Amino acid sequence: MSAMVRGKWLALLCLMPFALFFIVFEIAPLAWVLINSLQTEDSGWSLENFTRIFSSKFYLQAIQFSLEISFYSSVFGIIIATLGSYSLRRVDSPLRNFVTAFANMTSNFAGVPLAFAFIILLGFNGSITIMLKQAGIIQDFNLYSKTGLILLYTYFQIPLGVLLLYPAFDALREDWRESAALLGANGWQFWRHIGLPVLTPALLGTFVILLANALGAYATVYALTTGNFNVLPIRIAGLVSGDVSLDPNMASALAVVLVALMTVVTVVHQLLLKRSYHVSR
């Protein structure tokens with residue numbers, strides 16, 4: 001019994017650095033942002049910052065654009081990542097290892113280098129844009145629009161989605177497919193009744209991570225549009241470091257809105273997980 005007690009105290013002692021790190025770099029900044037969001041330079045403690053946010057078409061547009069870009073890029077990213085992860089399970093090991101390593105490398109390819117690469121390829125005078133125009137496939141393409149940003153976000157969502165979903169396909173056993181085939185089930189019936197229910201928790205979890213990844217993206221969109229596109233991270237950065245519209249309290253309120261959006265997504269994710277678990281049973 002004494003050995004068990006010593007083991008528990010040792011585990012708690014080893015947990016202390018992580019707990020200290022979590023409090024200092026996660027809880028404390030979040031509390032500071034929440035406190036400052038409820039303060040204004042003129043009125044002191046109030047909800048004026050949130051009132052201004054939800055009564056301003058400019059800030060509402062930033063919320064709308066952030067949600068639209070994040071949602072569509074996450075949907076496209078998880079669809080492509082699911083197909084890619086499943087395909088990796090069906091190919092030989094050398095190619096699989098190469099693609100996995102490449103996905104791991106490209107998942108870190110973001111920020112200014114990624115924005116510059118897309119400008120070279122898909123800008124107004126980008127090489128791919130010019131080739132598509134000459135082939136008559138497109139008339140024009142604006143990389144700096146919402147559609148262009150969805151395409152850009154989808155690019156860096158795919159490698160992350162592949163890395164997260166690839167291990168999930170280990171849960172699908174080959175003998176399940178063979179047993180389903182022996183019982184007369186076709187491919188669609190196997191995926192509907194066995195494959196998708198088994199993969200649903202991983203798909204939902206990956207979608208939430210991709211959504212959070214897109215909602216918080218800043219460096220890439222800033223480098224691409226020089227801060228001229230209206231999304232929440234750009235607005236927050238402008239209010240913190242801007243020369244004209246410096247207002248850290250409003251920036252804190254926008255950050256709280258961003259955290260609230262992610263909280264809602266996480267709660268919905270947990271509810272869907274519970275529902276899928278009960279349905280699968």
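Leu-20 counts as exposed, because its relative accessibility is 55% and the cut-off for exposed is over 50%. The model is predicted. Leu-20 lies in helix H1, residues 2-37. A nonpolar patch on the surface includes Leu-20, along with Val-5, Trp-9, Phe-18 and Ile-27, among others. The patch has about 1,200 Å² of accessible area together.

The largest nonpolar core has 23 residues. Ile-53, Leu-232 and Leu-254 touch the most other members. Helices H2, H3, H9, H11 and H12 each give two or more residues to this core. H12 gives the most, with 11 residues. Leu-254 touches Ile-53, Tyr-59, Leu-232, Arg-235, Ile-236 and Leu-239, not counting residues up to four places away in sequence.

Three salt bridges were found in a search of the whole structure. One joins the side chains of Asp-247 and Arg-52, at 3.6 Å from N to O. This pair links distant parts of the chain, 195 residues apart. Asp-247 sits in the loop between H11 and H12, and Arg-52 in helix H2. Asp-247 counts as buried at 16% relative accessibility, whereas Arg-52 is partly exposed at 36%.

Glu-68 forms a salt bridge with Lys-146, with the closest N and O atoms 2.5 Å apart. Glu-68 is in helix H3 and Lys-146 in helix H7, 78 residues apart. Glu-68 is partly exposed at 22%, and Lys-146 is partly exposed at 29%.

Asp-140 pairs with Lys-133 in a salt bridge, with the closest N and O atoms 3.6 Å apart. Asp-140 is exposed at 52%, whereas Lys-133 is partly exposed at 32%.

Key. Residues numbered from 1 in each chain as written. Predicted model: local features only at pLDDT ≥ 70, side-chain atom pairs only at ≥ 80, totals over all residues. Heavy atoms only, no water. Core = buried A, V, L, I, M, F, W, Y, C linked by side-chain atoms within 4.5 Å. Buried < 20%, exposed > 50% of the residue type's maximum accessible area, 1.4 Å probe, protein only. Helix = DSSP H or I, 4+ residues; strand = E, 2+ residues; numbered from the N terminus. Contact = heavy atoms within 4.5 Å. Patch = residues over 30% accessible without salt bridge, like charges linked within 9 Å, V, L, I, M, F, W, Y side chains within 5 Å. Areas by Shrake-Rupley, 256 points an atom, 1.4 Å probe, with all protein chains shown as cover. Salt bridge = Lys/Arg side-chain N within 4 Å of Asp/Glu carboxyl O.
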